[in-house]
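The following note is intended for a colleague who is meeting this structure for the first time. It takes up the contact between the chains, the annotated segments and the domains in turn.

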Amino acid sequence: MSSSPALRMEGVRKTYQVADEEIVALDRADLVVGGDEIVALIGPSGSGKTTLCSIAGGLLTASQGTVVVGGNDISDYTSRQLTDFRRTSVGFVFQSVNLVPFLTARENLLVVSELVGRGGRRRRKDAVARTAELLDELGLADRADNLPAQLSGGQRQRVAIGRALMNGPDLVLFDEPTSALDSQLGDQVVKLIRDEMKDRGTAAIIVTHDDRITHYADRTVRIEDGRISA
Amino acid sequence: MRLALRELRRRPGRFVVAASILTLIALLLMFLGGLLDGLIGSSTAAYRAQPGDLIVYSASSRESLVRSRITAETRAAVEATAGVEAIGGLGSLQVGARLGEDPGSRELVGTVLFGYELAPRGLPAEPPPTGEVVADSSLRSEGVSVGDTVLLGPQRSPLRVTGFVDDTRYSGQVSLWGSLDTWRAVTAANRPGQSPGDTVQALVVRTDGAPAAVAAAIDAGSGSTATLTLAAATEALPGVAQQRSTFNQIIGVTALVALVVVALFFALITVERTALYGILKAVGASGATLFAGVVTQALVVTGLAATIGVAGSLALDAVLPAGAIPFEVTPSRLITSVVLMLVAAIAGCAFSLRRVLRVEPASAIGTAG
Ligand SMILES: Nc1ncnc2c1ncn2[C@@H]1O[C@H](COP(=O)(O)OP(=O)(O)O)[C@@H](O)[C@H]1O
Ligand SMILES: [Mg+2]
């Protein structure tokens, strides 16, 4: 259990320029997520949930404010630094299933470490061992060699969870991870997410607009029109 | 890289069209190259077989063998030049030959009768006696064998073929190699106005110094010669430069087509992959890594096509009967063609670079920024 926060956002503002109009997606957002805390982020569509996750995970840069992840201030990172940061420090699970279609479950987990290609045999061995362990935990051991098309929606989302955990992240961002699943399966997946996070002591933000999911979280944060309210 | 190779292996179907077109282009490229080398070879082989460094023409000949006349005095002057190690006269006569002993035969084969002193590669040091020649081996495919006689020119001057030599064609025709006396006699008989007397058309010179310096010394000393290095003289042979530039233009256009095919195909593929690239960037892949994957795929597909092209042109070379068409396969031509294809592939990929780099990682999560 680490005591330093996994995420600290202070006064974060994000605007999009669309034609002549400036859309404020996130405004004066302050959020601290503890080192092993699971936060449910709920709010209506268009309220800025995805934007918040993107900024916390280094997919987007804030227009204003400070973003510190796992002790690193990423507010002024270059896009190259952000690429490295995403690879080493955060995990993403997206709303839509987005595995690499021509890779097996196992290969989808290995894809990040292979894309870098550095580190040699030792690191590759570690990654392979970690993959086997994760697939086992996620109940996918017998599906390791299946392509995404041969898996059910729930299984695919579990592979995506495995991929997000491969790099031992400080923070995992789940953007509506269950929206493509029926409610029973969704419940299972969220429970799995909770167990995986708690086992590792890893912090997570789970975006949802399903109130039933929030009881798996340590805390619920609401967002509306880009403003966070506890 | 590994990802790119896996995609090739798992989804070969998507690359089949591009690979097929590139294979056809590779075959065309190597066929054109082989044809060019074959044509140039059959125009110039007689020169390339010469045992010297320099060719001496008369000054007024405009570097043409048929227009050139070297007299005995000029020859003596050339021979006396410092740096000249050996010297030999060369004469040529382009003339139709009737194969076999029938003087009424209407079947004419284009030949060039050479008279020589310094033996070209593969020929006896001592030229065959008068009335006998060694023929280029392409004459074999006309059904001529050792001991047969061919009848040259309107006068049906008989020459007995006493042997064959490989790769000595000239001006696209079969060469016959005899002594200067044979050449003089046949020329005098068939071209009464142009009897060479005791002249030769050109001198082949072997030097023991820097060829260029000796060439300058020869021209300065004789005052009536134009001396070229063997390479320059070969390149100056009629039609060679034109053939080369025409073919090189066609080859260049073909390589450009390969470039366009790769560019279009991979531009299309990268558009299709926008979402995938977004995800991969989101999980930490750099644009450079993804582009390296595109280049890898292009190189593999093109390399495969080029390999089939190499195999195809070797096969063609094997099945083509010698002398049927001027087609010559050389390792350097094959290597050049493969390299050209690969360079075209890399250049073609460059058109997708911007698109690959521009994909936003945020597009994976739905907020393209
Ligand atoms: N790439 C973009 N360009 C312009 N506006 C955007 C973009 N992404 C999001 N927005 C706007 O920002 C606001 C917040 O969007 P988002 O963070 O996706 O909300 P949520 O995930 O809560 O539905 C919305 O008004 C949305 O229209
Ligand atoms: Mg959203």
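1. Helices (H or I, at least four residues) and strands (E, at least two) are DSSP runs, numbered from the N terminus. This is a predicted model, in which local features need pLDDT of at least 70 and side-chain atom pairs count only at pLDDT 80 or more, while totals for chains, interfaces and linings use all residues. Residues are numbered from 1 along each chain as its sequence is written, chains are lettered from A and ligands numbered from 1 in the order in which they are written, and side-chain values use heavy atoms, with hydrogens and water left out.

2. The UniProt record, an unreviewed entry, assigns "transmembrane region" to residues 250–269, 290–314 and 334–353 of chain B; such annotations may be inferred rather than shown by experiment. Residues 250–269 of chain B are 100% helix and 0% strand, with end C-alpha atoms 29 Å apart. For residues 334–353 of chain B, the model likewise gives 100% helix and 0% strand, and the end C-alpha atoms lie 29 Å apart.

3. Between the chains, 26 residues of chain A are in contact (heavy atoms within 4.5 Å) with 23 residues of chain B. About 2300 Å² is buried between chain A and chain B, 68% of it on carbon and sulfur atoms; buried area is the accessible area (1.4 Å probe) that two parts lose on being put together, summed over both.

4. The interface of chain A and chain B holds 4 salt bridges, a salt bridge being a side-chain nitrogen of Lys or Arg within 4 Å of a carboxyl oxygen of Asp or Glu. One of them joins A:Glu107 and B:Arg6, at 3.2 Å from N to O. Helices H1 (49–56), H2 (79–89) and H3 (105–116) of chain A each supply at least two residues of the side of chain A that touches chain B. H3(A) gives the largest share of that side, 5 residues.

5. An automatic or database domain assignment divides chain B into domain 1 (2–44 + 240–368) and domain 2 (47–235). The centres of these two domains of chain B, taken over C-alpha atoms, are 45 Å apart.

6. How much area is buried between domain 1 and domain 2 of chain B? The value is about 770 Å², of which carbon and sulfur atoms give 37%. On the domain 1 side, B:Ser42, B:Ser43 and B:Thr44 lose the most area to domain 2 of chain B, together 56% of what that side buries. The rule finds 1 salt bridge across this domain interface.
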